[in-house]
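Subject: Structure handover

Hello,

The structure you asked for is below. My notes on its contents follow it.

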Amino acid sequence: MFKIVKKRILTPVTKLFEVDAALVAKKAQPGQFVVVRVTEKGERIPLTVAATDPGRGTVTIVVQEVGKTSSMLGRLEEGQDLLDFAGPLGKPAPLLDSGHVVVVGGGFGVAPILPIAKALKSRGVKVTGIVGARTKDLLILRDELAESCGEVLVATDDGSLGTKGLVTDVLKKELIDQGVKIDQVIAIGPMVMMRAVAEATRPYNLKTLVSLDPIMVDGTGMCGACRCTVEGKTRFACVDGPIFDAHKVDFDEAVRRGKMYAAEQRVAFDRYKAEVAK
Amino acid sequence: MPIKPRTSMPTQEAEARKRNFNEVALGYREEDAIAEAARCLQCKDAPCQKGCPVGVQIKDFIKAAKTGDWAAAYDKIKETNSLPAVCGRVCPQEEQCEKLCLLGKKGQPEAIGRLERYASDMAMKRGVNVQKPGDGAPGKGRKVAIVGSGPAGLTAAGDLAKLGYSVTIFEALHASGGVLIYGIPEFRLPKAIVAEEVDLLKKLGVEVRTDVIIGRTVTVDEVFAMGYEAVFLGTGAGLPKFMGIPGENLNGIYSANEYLTRTNLMKAYRFPDYDTPIKMGKKVAVIGAGNVAMDSVRSALRHGADEAFVVYRRTEKEMTARAEEFEHAIEEGVKFHFLTNPVKFLGDETGWVKGMEVQKMELGEPDASGRARPVPIPNSNYVMECDTVVVALGTSPNPLLSSTTPGLKTKEWGGLIVEEETGKTTRDAVYAGGDAVTGSATVILAMGAGKKAAKAIHEDLQERAKKA
Ligand SMILES: Cc1cc2nc3c(=O)[nH]c(=O)nc-3n(C[C@H](O)[C@H](O)[C@H](O)COP(=O)(O)OP(=O)(O)OC[C@H]3O[C@@H](n4cnc5c(N)ncnc54)[C@H](O)[C@@H]3O)c2cc1C
Ligand SMILES: Cc1cc2nc3c(=O)[nH]c(=O)nc-3n(C[C@H](O)[C@H](O)[C@H](O)COP(=O)(O)OP(=O)(O)OC[C@H]3O[C@@H](n4cnc5c(N)ncnc54)[C@H](O)[C@@H]3O)c2cc1C
Ligand code: SF4
Ligand code: FES
């Protein structure tokens, strides 16, 4: 059992949890994830480590409620326990030692970007952040990100804050088109966003990394549920990734495989919502 | 005197059982067990015992069974076999003890496995007494770590705990049992039995820490730093093999590991009461012909498939599945396509698998394994329709441990290199056994390896204490 020592509501559908998990806290590196189970009959879901505090023995995760499991997790309160919290899994993010890195976070993706930005800054890398959301109120962790970034640029679909448009618009217009020298882009968020970033940087041959989020079961290389195609080769995202070279990822396949259980997920979520409403 | 046929074991009717996940074999009633025990000749040299990888004293346990003394029979088996309720269900007896049974020379061999199962089930039902080792036990106050809770790890843990060692099992998954819990289905090995065995170990004082991935959560070096004096690696061979043919990542194509893990560990057959889904295919193709393939194809039927079939590039003769599983699969209506090999998967417009192109094969010269090598027949390709595919072509050891443990050497294919008799690896105080060393093998061989390593660990630690 892993106790929730702190909870923060970041948006109505995005919650931050600081969890008591001393072993994971000591080990986790930026880019790695944990597998969490909430109830005895529940699914195992992967969530990226957003921060660690080895001294206190805690690990921070940020979860966006998109279906049954993430919603059940989102409703937990301080003092309650997570049944399972296994990790850290996956390869740590490869980090540059110098130069300028642009980190792009969309939705919950801002959380996994944080430790990467922090680590880059501590190595003396210049970091620029770009965050995006539908509207201002859905933007998360901007202050935290600002601590590690020289500058944080914002894009909102409705223009309620920053540039009206997508993160890719900001990336192109405010950085690439201005001739800003960029050594690497790291984008984490919804698959459509990561794909758009990949397409935006491809013409410039600008090295871009994304953190794929395929459906997983064990997270240790045992099942192959998480397989994706990178550079024409099958890779297991949980052990070979989850971070890959965006320009080599077969996004069509990744998107398609992500929808494998769309019908079942709807059944589970609808049943859950009906139960909660009771 | 003609030899009486072996006493048959009641099973669920094929038509009913192929739609539920309850155990297929119902087990003997007491009169069946006693009748079967009565067939045993009590041979002087007990040839059966030479066929048992852990040397169960078969003759003596059956002697007790003849008189209906099930407690004595169980204790006898337990002397050498730490998981008899499991082995009685899943061991390939026809290739081990029963193969050498004298009765088999003229008729049907003694049903040793069924009796083992009955004796253990009776013991479990009555409650097994666990005796914790006393203060004077040789291992008192010394810590040993076991990595992985499959049969190899459970056996090593049990033997060491009985000697008084403080044993901790570190398990990557959220539940203990290894393949027994995530791979072998409920209808062949009820999970309650595995849980009971693990509980007995806990009563013996073994600590089980799930959610700890050695190599990631803590390394082997850190385990030593935590005060453990020896480490046993029973990490299995969990890495699935795929075929590497076009279309393999289409939706609806599973590794057997994923298909069975969703089904067994995550209980997808009870979706949506359990949250983890599985594709309930209508036409399910399973590639391969070992136990894993049989378990997958029979699970597919139970998930409601109209048709579930096996595609195998060799013939019935070369199949590695237990005879009983093959027979049960046929009774349940599984179709077998031998000498058939997929070369390509075909998808529909949404990216779901809709069929596979296969090639007919013929058997050629024997290969390195001694089995006839399948050779493709030119221009024999055709398409088989299916909406779900399970690839059951074997597994290899996960490189996670070898890549994070300095000094730990493996063979080219990933198997850990050990000294056969002791399980000693190339790294001091680290031992290994089971599928992690041999590649996919059997429950009983994994247990045997766990036993040998436990003995070696005990001897080495006592030796070290003497020197100190
Ligand atoms: C390496 C990795 C890191 C991730 N990090 C985060 C994070 O930090 N914060 C966050 O909010 N989300 C993260 N995700 C996504 C998160 O795991 C899914 O949102 C979650 O599993 C959804 O489960 P659900 O039951 O709530 O929704 P469902 O209704 O089951 O599914 C909704 C969506 O989640 C995806 N999904 C479903 N089950 C799984 C599964 N077992 N594994 C992966 N994806 C699945 C589906 O493709 C679908 O698009 C990460 C995913 C991966 C692979
Ligand atoms: C579907 C299926 C059906 C089978 N049917 C039969 C049968 O009928 N009869 C028979 O005799 N054999 C059968 N087998 C084979 C048999 O199950 C295996 O040979 C046996 O389980 C091997 O035991 P093990 O202890 O070596 O490893 P496993 O049972 O594989 O257990 C290894 C354990 O170690 C854990 N682990 C791995 N890496 C780590 C790590 N880094 N840190 C912590 N934990 C880790 C794993 O999660 C797992 O729980 C079958 C196998 C399968 C897959
Ligand atoms: S070989 Fe067969 S008949 Fe002889 S002792 Fe063993 S089980 Fe009994
Ligand atoms: S999640 Fe099972 S292999 Fe990656």
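In this predicted model, an oxygen atom of ligand 1 is 2.7 Å from a polar backbone atom of A:Gln64. I count this as a polar contact, meaning a pair of N or O atoms within 3.5 Å; within protein, one must be able to donate a hydrogen and the other to accept it, and residues adjacent in sequence count only if both atoms are side-chain atoms. The side chain of A:Thr48 has an N or O atom 2.8 Å from a nitrogen atom of ligand 1, and an oxygen atom of ligand 1 lies 3.4 Å from a polar side-chain atom of A:Gln265. On its own, ligand 1 has 860 Å² of accessible area, and the protein covers 89% of it. Accessible areas were computed by the Shrake-Rupley method with a 1.4 Å probe; for residues, only the protein chains shown count as cover. There are 23 residues around ligand 1, and those that come nearest are A:Pro46, A:Thr48, A:Gln64, A:Ser70 and A:Gly258. A residue counts as near a molecule or strand if one of its heavy atoms lies within 4 Å of it.

On conventions: the model is predicted, local features need pLDDT of at least 70, side-chain atom pairs count only at pLDDT 80 or more, and totals for chains, interfaces and linings use all residues. Residues are numbered from 1 along each chain as its sequence is written, chains are lettered from A and ligands numbered from 1 in the order in which they are written, and side-chain values use heavy atoms, with hydrogens and water left out.

Ligand 2 is surrounded by 34 residues, of which B:Val90, B:Ala152, B:Glu171, B:Arg188 and B:Asp435 are the closest. An oxygen atom of ligand 2 lies 2.6 Å from a polar side-chain atom of B:Glu171. Backbone atoms take part too: an N or O atom of B:Val179 is 3.0 Å from an oxygen atom of ligand 2, and a polar backbone atom of B:Ile214 is 2.9 Å from a nitrogen atom of the ligand. Taken alone, ligand 2 exposes 1000 Å², and the protein buries 93% of that. Helix H10 (151–162), helix H15 (291–302) and helix H19 (443–467) of chain B are the elements that give two or more residues to this shell. H15(B) has the largest share, with 3 residues. Helices (H or I, at least four residues) and strands (E, at least two) are DSSP runs, numbered from the N terminus. By class, the shell around ligand 2 has 18 nonpolar, 11 polar and 5 charged residues. Here Ala, Val, Leu, Ile, Met, Phe, Trp, Tyr, Cys and Pro count as nonpolar, Asp, Glu, Lys and Arg as charged, and the others, Gly among them, as polar.

Around ligand 3 are B:Cys40, B:Leu41, B:Cys43, B:Pro47, B:Cys48, B:Cys101, B:Leu102, B:Glu110 and B:Ile112. That shell divides into 8 nonpolar, no polar and 1 charged residues.

Next, the interface. Chain A brings 45 residues to the contact and chain B brings 42, where contact means heavy atoms within 4.5 Å. The area buried between the two chains is about 3700 Å², with 53% given by carbon and sulfur atoms; buried area is the accessible area (1.4 Å probe) that two parts lose on being put together, summed over both. Between the chains there are 3 salt bridges, each a side-chain nitrogen of Lys or Arg within 4 Å of a carboxyl oxygen of Asp or Glu. One of them joins A:Lys27 and B:Glu222 (2.4 Å, N to O). There are also 19 residue pairs in polar contact between chain A and chain B, both at pLDDT 80 or more. Among the elements of chain A that each supply at least two residues to the side touching chain B are helix H1 (22–27), strand S7 (84–89) and helix H9 (262–277). S7(A) gives the most, with 6 residues. The residues on that side of chain A comprise 20 nonpolar, 10 polar and 15 charged.

Some local points remain. A:Pro88, in strand S7 of chain A, is joined to A:Gly87 by a cis peptide bond with omega about -5°. The peptide bond from B:Phe271 to B:Pro272 is also cis, with omega near 5°. B:Ala46 has phi near 35°, a positive value in a residue other than glycine.

Regards
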